[in-house]
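Welcome! Here is a short tour for someone meeting this structure for the first time. Take a look at the model below, and then we will walk through a few parts of it together.

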Amino acid sequence: MNMNRRQALIMSASAMLMAATGRSAYAQTETGDAVIRFAPHAALRVLDPVATPAYITRNHSYLVYDTLYSLDSSFTPQPQMIGSHEVTDDGLEWTFILRDGLAFHDGAPVTAADVVPSITRWWQKDVVGLRLKEVTETLEAVDDKTFMFRLKEPFGAMIEAMARPSSRPLFVMPKRIADLDPSTMLEEVVGSGPYKFLADEFRPGASWAYARNEDYIPRDEPADGLAGGKVPRAARIEVIWFPSPDTAISALINNELDIIESVSPDGRSRFEGTDVKLVARASPTASTVRFNWSQAPFDDVRMRRAVQLVVSQIDYMDIVVGDPSAYETCPAYFGCGTPLETDAGYVEGSLDNVEEARALVAEAGYDGTPITIITPGDIASFSALAPMTQQVLEAIGIPSKIETMEWSAFLERRTRTTLPSEGGWNLAHAVFDLIDLISPLGNPNFDARGLDGYTGFVDDPETEALKSRYQAASTDDERFAIVEEMQERAYDQVFYIPLGTYAQYTALRPELSDFENAPIHVVYGLDKA
C-alpha cells in the first residue's frame, strides 16, 4: 500500500497510541464513561513536584494533588482545601481549618498532620516558601483539621504563597511521603486530588494515565481558573507525548486524540476546514533575553543597558510569531492584564538607538571577545530567538556565537557559572508561561540572590530588600507601590529584557465539553459526548 506523508503520520500516531495505552484509540471504560486522550506539551519523567519546577510535572500534579488555596481567573487566591482561616491583628498568628471530606487516594483522611510536613518539604525548595520559612517561628498541627503558624514578623503574602500556582505549587501529600527529604525524589504518587495516577501504566517519557477519584468531593463553587469545584467528569485520562507537533495535529484531526495542550500560532492553519476548536490559552507565552551576571561582559550594567537600548519587542514578535493578532507588546514585568500591571521604569528599545548603544559598549571597555549564546534546538518556541539576538548584538559591535543543544542539556548548561570557554555561557533566552511571572516573590527573574539564585545569577540586595517589604505589606496599595519600585529597579539594572507575549492555542475535538481555560492547563473538568 502506498501512503502519502499525511497518511503515514496518522498511522504512526495510531500505532503510538496503541503501543502506549495497550488499547484501541476509541476505547471507553467498562462503565461506558468517557476516556479523554490528551497530548501534552512535553514528556513526563519526574513525578516529584518539589524536586523540579518543570511545567509537565506541575500539570501532572494538579490532577493528582490538591492545594490549600488556588487562583481564580482574576488571579485572586481562593480557598481550595481550606474551610476557613483567621489571623491575629498583629499578623503574627495564622490559624487554618481544613474543609470536610478530604481524603487521600489510599483512603486515609487528610489531616493537619499531613499538611505540616507538606509545607515544610515544599518551603525548602520553593523561592517563596523559603521566605515564609525564614519568618516562621513555629508551624504545628493543633488537631486533625487545624494547623497554625506563629511568625517572627508579619507576612502579608501568606495566602499568596499558599496559592502559588507555578512552578512549585504547594501540593498536599500524606505525611509518610511528605516527611521524605526534598533531595529524595518521590516515586510513590498518592494525592487527594480529582484523579488517581496509574503507576503501572507509567512509561516515562512516553505515556501515562489517570483514573477518576470516585471519592473526591469538589468544592461547591463552579470552576473558575484554578479555583472552584474540581469535578472529575471523565473516567480516564490517557496522556501520550508526541515529539512531533505535526503528528499530534494529524492524530487530533483524525479523531485519535481529543485535545492538544499547546498549538503554536503557525500551527493554526492546519485546522482550517476541520471541526476542531482552537482556544487561546489563558496564560500567554512570554519570551525574554537573559544575561549571565556572573561573567564578563554582562557583569557590567553598561553592557546590559546597551543591549536593552536596541531590543524592540515588536521586532522580536514579528519574527517569532508574525501575526499581530496573536501577540502583544508588554512593558509590565509582572504581566499585562494582571493586578500588578504597570509601565514604571519601562525602557523601549529600538535599532534607532544603535549609536547610543555603541557608545555604552565602548564606555564599558568591552574587549571584543565573542560572547556565547546558548539555545535549545528541540523547542520550537526558541528557534528564532538566538539568530535574532545575534543580529542585534552585531549591530552594536558585540560578536557572538550560538551553541545549540538539546533541551535537557540547555537547562543544565544554564546553571553553570564557569567561563563560556569552560562550558559556561553569556546569554540565553527563556520562555515562560505568564502565570510564572505574576508574583514579585515568585517571578524567577526577580531572584536576586546572586550565585545562590536563579540562572543568570542576578545579584541585587536592594531588590531582595524590596521583596521583604512586599511580603510584609498589609494592603494592596502598599504592595503595588513596592511593585513599581521593583520594576523601576529591574529596568535600571536590566535584570532581563522582556520580548512581548503571544498566544498559544489549545486544540479540542468538538465532542469535548466543560473545558475550563485556566492559566495552567488542567483537564480534570473535561467531559466527552
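At what angle do helix H8 (residues 301-310) and helix H14 (residues 476-493) pack? In this predicted model, the angle is about 95°, and the axes of H8 and H14 are 8 Å apart. Because angles of 65 to 115 degrees count as roughly perpendicular, H8 is roughly perpendicular to H14. On the H8 side, the contact is made by Val301, Arg304, Arg305 and Gln308, while H14 brings Tyr491, Asp492 and Gln493. Sorted by class, the contact of H8 with H14 has 2 nonpolar, 2 polar and 3 charged residues.

Next comes a sheet. It is open, with 6 strands in the order E14-E18-E13-E17-E15-E16, and its pairing is mixed. At its edges are E14 and E16, each of which pairs on one side only. Strands E13 and E17 run antiparallel and are joined by 7 bridges. Thr285 stands opposite Asp433 in E17. Helix H9 (residues 313-320) packs on this sheet, where it touches E13, E14 and E18. The direction of H9 makes about 50° with that of E18.

Here are some strands of the sheet with their residue ranges:

| Strand | Residues |
|---|---|
| E13 | residues 285-291 |
| E14 | residues 327-328 |
| E16 | residues 400-405 |
| E17 | residues 427-433 |
| E18 | residues 496-502 |

One more helix is worth a visit. In H7 (residues 245-253), the buried residues include Thr247, Ala248, Ile249, Ser250, Ala251 and Leu252. After H7 comes Asn255, which has a positive phi near 60°.

Key. Residues numbered from 1 in each chain as written. Predicted model: local features only at pLDDT ≥ 70, side-chain atom pairs only at ≥ 80, totals over all residues. Heavy atoms only, no water. Axes fitted to C-alpha atoms, helices over the stretch in contact; angles between N-to-C directions. Helix = DSSP H or I, 4+ residues; strand = E, 2+ residues; numbered from the N terminus. Parallel < 35°, antiparallel > 145°, perpendicular 65-115°, else oblique. Contact = heavy atoms within 4.5 Å. Nonpolar A, V, L, I, M, F, W, Y, C, P; charged D, E, K, R; others polar. Buried < 20%, exposed > 50% of the residue type's maximum accessible area, 1.4 Å probe, protein only. Pairing = 2+ DSSP bridges.
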